[in-house]
Amino acid sequence: MVLAWSAGRKYADDSPSVITQPHIGLAYIDMFGKSLIRQGYIWNHAFAFAWPSLAANGDDRPVIGISLCWGGPDHYPQHAVGTLDPRHLITTTSGKSAGAGGHYNDVRMGFPDYHSFVAAGFNAVKDNSTPLR
């Protein structure tokens, strides 16, 4: 099983994280042994990642699909999709935006082709009245 969550620049005790941007935390769990196999992150030093949604496909050795948002401070918020192992992300939106994703990101196993994924996400189009910063 894989779990994902949005994480910030600081820990709960207000001490700074070693990861300097908001990011996505990943925990790979052995369900039978009830133990943590490994922990990972989706992050970049220049912008943030947030709002992950995960799903497994129907393969004998399932692939984990992900839908997420990324952006800031020099990048407008965008939506992206991809897989975790192998790690591959593709941006699905572009251009000026006033926000992206949040509660409206999702990924599910495809049907009738259960080897694939179907994902949804959005960004709100921004007009030219306000600069990026």
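Analyst: Let's start with a term: a pocket is an open set of grid points with protein on both sides within 12 Å along at least five of seven lines, and its volume is the space filled by probe spheres set on the points. Keep in mind that what you see above is a predicted model.

User: Okay, so what volume does the largest pocket have here?

Analyst: The general idea is that rolling a probe the size of a water molecule over the atoms shows where empty space is left. In this model, the largest pocket comes out at about 170 Å³.

User: And which residues line the largest pocket?

Analyst: The lining includes Met1, Val2, Tyr28, Ile29 and Asp30. Met31, Phe32, Ile37, Arg38, Ile64 and Asp85 are also part of the lining. By kind, the lining residues split into 8 nonpolar, no polar and 3 charged. S2 (23–30) and S3 (35–42) are strands that each supply at least two lining residues. S2 gives the largest share, 3 residues.

User: Let me zoom out. How many helices and strands does the chain have?

Analyst: The count is 0 helices and 11 strands. Reading from the N terminus, that's β-β-β-β-β-β-β-β-β-β-β. The C-alpha trace spans about 55 × 45 × 20 Å along its principal axes.

User: How do I read a sheet, then?

Analyst: Strands of a sheet pair through backbone hydrogen bonds, either parallel or antiparallel. One case here is an open sheet of 3 strands in the order S1-S2-S3, with antiparallel pairing. From one strand to the next, the twist averages 20 degrees.

User: How many bridges hold the strands of that sheet to each other?

Analyst: S1 and S2 pair over 6 bridges in the antiparallel sense. Valine 2 has tyrosine 28, in S2, as its bridge partner. Both of those residues turned up in the lining of the largest pocket. Between S2 and S3, which run antiparallel, there are 7 bridges. Isoleucine 24 stands opposite isoleucine 42 in S3.

User: Can you walk me through its pairs?

Analyst: S4 and strand S5 (residues 64–71) run antiparallel and are joined by 7 bridges. Alanine 48 has glycine 71, in S5, as its bridge partner. Strand S6 (residues 78–83) pairs with strand S7 (residues 88–91) in the antiparallel sense, over 4 bridges. Alanine 80 stands opposite threonine 91 in S7. A hairpin leads from S6 to S7 through 4 residues.

User: What about the inside? Which residues have the most contacts in the largest nonpolar core?

Analyst: In soluble globular proteins, nonpolar side chains tend to be buried together. Here the largest nonpolar core has 13 residues, and those with the most contacts inside it are Leu26, Ile42, Phe49, Leu68 and Leu84. S2 and S5 are the elements that give two or more residues to this core. S5 gives the most, with 4 residues.

User: Is proline 112 buried or exposed?

Analyst: The cut-off to remember is that exposed means over 50% relative accessible area. Proline 112 is at 65% relative accessibility, so proline 112 counts as exposed. You'll find proline 112 in the loop between strand S9 (106–109) and strand S10 (117–120).

User: And where is valine 125?

Analyst: Valine 125 belongs to strand S11 (residues 123–125). Its relative accessibility is 73%, so valine 125 counts as exposed. Valine 125 is 49 residues from tyrosine 76 in sequence, with 10.0 Å between them in space, C-alpha to C-alpha.

Notes
Residues are numbered from 1 along each chain as its sequence is written. This is a predicted model: local features need pLDDT of at least 70, side-chain atom pairs count only at pLDDT 80 or more; totals for chains, interfaces and linings use all residues. Side-chain values use heavy atoms; hydrogens and water are left out. Two strands pair if DSSP finds at least two bridges between them. On a 1 Å grid over the protein atoms alone, a cavity is a set of points where a 1.4 Å probe fits but cannot get out, and a pocket is an open set with protein on both sides within 12 Å along at least five of seven lines; lining residues have an atom within 4 Å of a point. Ala, Val, Leu, Ile, Met, Phe, Trp, Tyr, Cys and Pro count as nonpolar, Asp, Glu, Lys and Arg as charged, and the others, Gly among them, as polar. A nonpolar core is a set of buried Ala, Val, Leu, Ile, Met, Phe, Trp, Tyr and Cys residues joined through side-chain atoms within 4.5 Å. Buried means under 20% relative accessible area, exposed over 50%, partly exposed in between (1.4 Å probe, protein chains only). Axes are lines fitted to C-alpha atoms, for helices over the stretch in contact, and angles run from 0 to 180 degrees between N-to-C directions.
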